[in-house]
Amino acid sequence: MTHPYIPNAEPGVRAEMLAAIGAESVEEFYAGIPADLRLDRPLDLPEPLTAESDLVRHMNGLLGRTTGTDEALSFLGHGCYPHHVPAVCDEVNSRSEFLTAYAGEPYEDHGRFQALFEYVSMMGELLEMDVVNVPTYDGFQAAGTALRMACRYTGRSKVLVSAAVAADKLSKLRDFLAPDVEIVPAPVGDDGQLAVPAFDDSYAAIYLETPNVYGVVETRGRELADLAHAQGALLVVGADPISLGVLAPPAAYGADIACGDIQSLGMHQSFGGGHAGYIATHDHEPLVAEFPSRLFGIAPTKVPGEYGFGDVFYDRTSFAHREEGKEWVGTAAALWGITAGVYLALMGPHGMRELGETILARTRYAMDALARSVTVLHPDAVHFREFAVEVPSSAALLDRLRERGIYGGVPLDDRTVLVCVTERHSIADIDRLAAEIAEIAATQETL
Amino acid sequence: MNTAEPFAELPVAPKPPLRRFHQARWDEPMIFELSRPGRRGVAVPEPGAPRVELPESVRRAEPPKLPELAQPHVVRHYLRLSQENLGNDLNIDVGQGTCTMKYSPKVNDRFAAAVAELHPLQHEDTVQGVLEIYWRMERMLAEISGMSRVSLQPASGSAAIYANIAMIRAYHAARGETHRDQVITTIFSHPSNAACAKVAGFEVITLMPDADGLPDIEALRAAVGPRTAALMITNPEDTGIFNPRIREFVDLVHEAGGLACYDQANANGILGITRARDAGFDLCHFNLHKTFSTPHSCGGPAAGACGVSADLAPFLPGPVVVFDGSAYRLETPERSIGKVRPFLGVTQNIVRAYAWIMSLGAEGLRQVAETAALNNNYLMRKIIAIPGASAPWGTRRIEQARYSWQELAEETGVHSEEIGVRAADFGVHYWTSHHPYLVPEPFTLEPTESYSMEDLDEYAAILAHVADEARRDPEMVKGAPYNQSVHKIDPSPLDDPKAWAPTWRAYVRKHLS
């Protein structure tokens, strides 16, 4: 049988094409590969499931051996968040015209250019910044690149990084900034916020995250911006855009570069597959020059009233200059940018504000509810979406909760659990978590 | 009885030789221009709990100036934009050479959707099925490449290249060989090989082609030495030519104490034919969105896979999936470079790529490779028969070819970019080449296994028509496009800091205020 994905595997057409080429067999095309490099056996792979129904059965068997967050009550966050994904987001990003396109010109792919331009434009409004990139891979990469941009811009090679960021993100930053950029950790105070540190003009930047890894909203952004600027350094702020309907955007307190992950804006959790990163600055040419990413902009066409698009300042990218360009650019996460644009268009300014208010209120409600049976850390700080609790054993608590159908949170260490609450968690869900924890705490000495 | 129109004759006349294509043209405004205060696209739940008053230091002062639209109009706007985009499903997508544009099976999208509600930090016991997919996928890619272990964490091909160079750096550092500060690549390898090596702190040496279009082995001999950290090379290169002396390249680098790293972006024509490890490579990477069919998604999310030999396995990004005979667990390798991306990988694409291989098996993968080579060689005969088109360095190619319109450009003054734009008027796309344009007036075609002979005939006929038009009416070609969503663009404001508008707010500030 001819495989359904390979039209020219059909023997008749294959023979016709070989004849047209004047080749005896496909072996002729491989004449340039030396015999000792040729694999002299078939690949050792599982038997194929060519019939679609067989493949579906096999895949359903595998995918069925999971218990998703929709089958349990999940309070897992820590970088991947269970926000509601509007149906329209899925509708748009599953459109074949977007899903299967790649890198056409601004003509045949006009729609991609406009949709991504609108995405960066809506992000620009949320961030109050004029320049936003076509998405990079994720928030980790966005932070790494934002810090490298600051280093190139200032000509310095040392950065002060808040210790209140996820361990995995720090791991990425260490790898990505090595070997030429020194990372100095900035300690976290008892209030869960970055303690204003010693700082001098050897630093390129301060990296602040808000809400930070404990869900704490940092309140001293302006002070840190002034501190950085006084030494000729930049303030780089990692912020989840979903918080910005209620929280001040980093630019409002003096940040020079904002960055973060957009998974919250319309992407499913997808076992970590929904990530994309944004980087934003003001329209300051020397800083714009340090973006490695593509930037899309408006250009006129022959016809009045028509928007054309193209690459802004392409002559800084690795596409243009290989190793002489800024870092590198390539396939990253454009479709998630389009999706986040759809999300922001659906929400509008007031939807973003209402969502933020709901999350703030439910987070505080959950903190108060859990505080009745466990120690909630940084209770006086403003929290958005996440908070940490201290328990005698993270694993023991989470195991017991899992037995009761609850994914209670992410263990940050043996005694600290991070709990995530979004608009998808009802008050009843939060009450149930609190009640189960209270019951476990009452019956378990280890807790 | 209706009065017959003058054209009321059956049978309907045959189709003309070229498709009378016109892209959707909705003349769609910017989404901000569709806004009316008070409208909303989606509602959010009330708090149901006391409101939190924010201190002024963190409270947003002004609402963001996002557009306000009702849901039907958000849908309509984005669906119009989607129609103004030429997806792979809709066209003979052979013009994006090096990118391996192939059919992405629809059934695999369903499997991808099935992981939507899995959180990456769920307890391992609750995600055994998806960990098994990671494990099985790793084993299959290890077999396809000959490597020992494979990380599926990188988000894309370039991210995988970076992960490989980070492992190379860690490997040499672990052996106390930090003096190895040079990476050698070739001009016809993807620019990210050079760019990633530079970011990782290496000096980059780029080999240029010899008279046969292959990287110059004498230049390699001159370049290798005690400072060599690695060779990072594509094969076949973006020319479509397989380097028959690749083993010698690898040996030269090994003799100097360096590592050999294989960019397998162009693996589609050699699946089951030849393997990275069998040529001596220490590391390699695949682009799952190219060779293994996951959709290109307008430029990601994609997925990359890094394969390494046993010596490099301790340096892999963590965690990796391990299987103890009864359960799948996550484990961070002993000397891991750490994280290159959040969590385990772009899972929905790992799932799609796994399903694609499972549909094909060993024989199917070989059929993919052979058909990609067959299609390329067939199309090549058709393209070089077009007056004004040529392929440098003879006709020995695997799965793609870089062509030149130099002769046509000299004759007509019409450039390759302009030919491509005019070809789009007939419903296809092509891409020129990475920079620098070593092949003058370049275009790069890669007809993967997804295209029929009829498709290739149609594509070649379009290029032949446009080349002919360039001779008859060069201004017509230069004025293109005509049948697209928009007309010819003047890109000059995009490079002028005073005029450029990377967002709507910048546009409003600079041009409408």
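User: Which residues of chain B does UniProt list for "domain: Glycine dehydrogenase C-terminal"?

Analyst: In an unreviewed entry, UniProt lists residues 404–471 of chain B under that name; UniProt positions are given in the numbering used here, feature names are shortened, and annotations may be inferred rather than shown by experiment. This is a predicted model, in which local features need pLDDT of at least 70 and side-chain atom pairs count only at pLDDT 80 or more, while totals for chains, interfaces and linings use all residues. Residues are numbered from 1 along each chain as its sequence is written, and chains are lettered from A and ligands numbered from 1 in the order in which they are written. The span 404–471 of chain B is 51% helix and 7% strand, with its end C-alpha atoms 16 Å apart (helices are DSSP runs of H or I, at least four residues, and strands are runs of E, at least two, numbered from the N terminus).

User: How do helix α4 and helix α5 of chain B pack?

Analyst: Two packed helices are described by the angle between their axes and the distance between the axes. Here α4 (residues 157–174) and α5 (residues 191–199) of chain B pack at about 45°, with their axes 9 Å apart (axes are lines fitted to C-alpha atoms, for helices over the stretch in contact, and angles run from 0 to 180 degrees between N-to-C directions). α4(B) is therefore oblique to α5(B), since angles under 35 degrees count as roughly parallel, over 145 as roughly antiparallel, 65 to 115 as roughly perpendicular and the rest as oblique. Among the residues that meet are B:Ser158 and B:Ile161 in α4(B), and B:Ser192 and B:Cys196 in α5(B) (contact means C-beta atoms, placed from the backbone, within 7 Å).

User: What does A:Val236 touch?

Analyst: Not counting residues up to four places away in sequence, A:Val236 touches residues including A:Ala150, A:Ala205 and A:Cys259.

How values were computed:
Contact = placed C-beta atoms within 7 Å.
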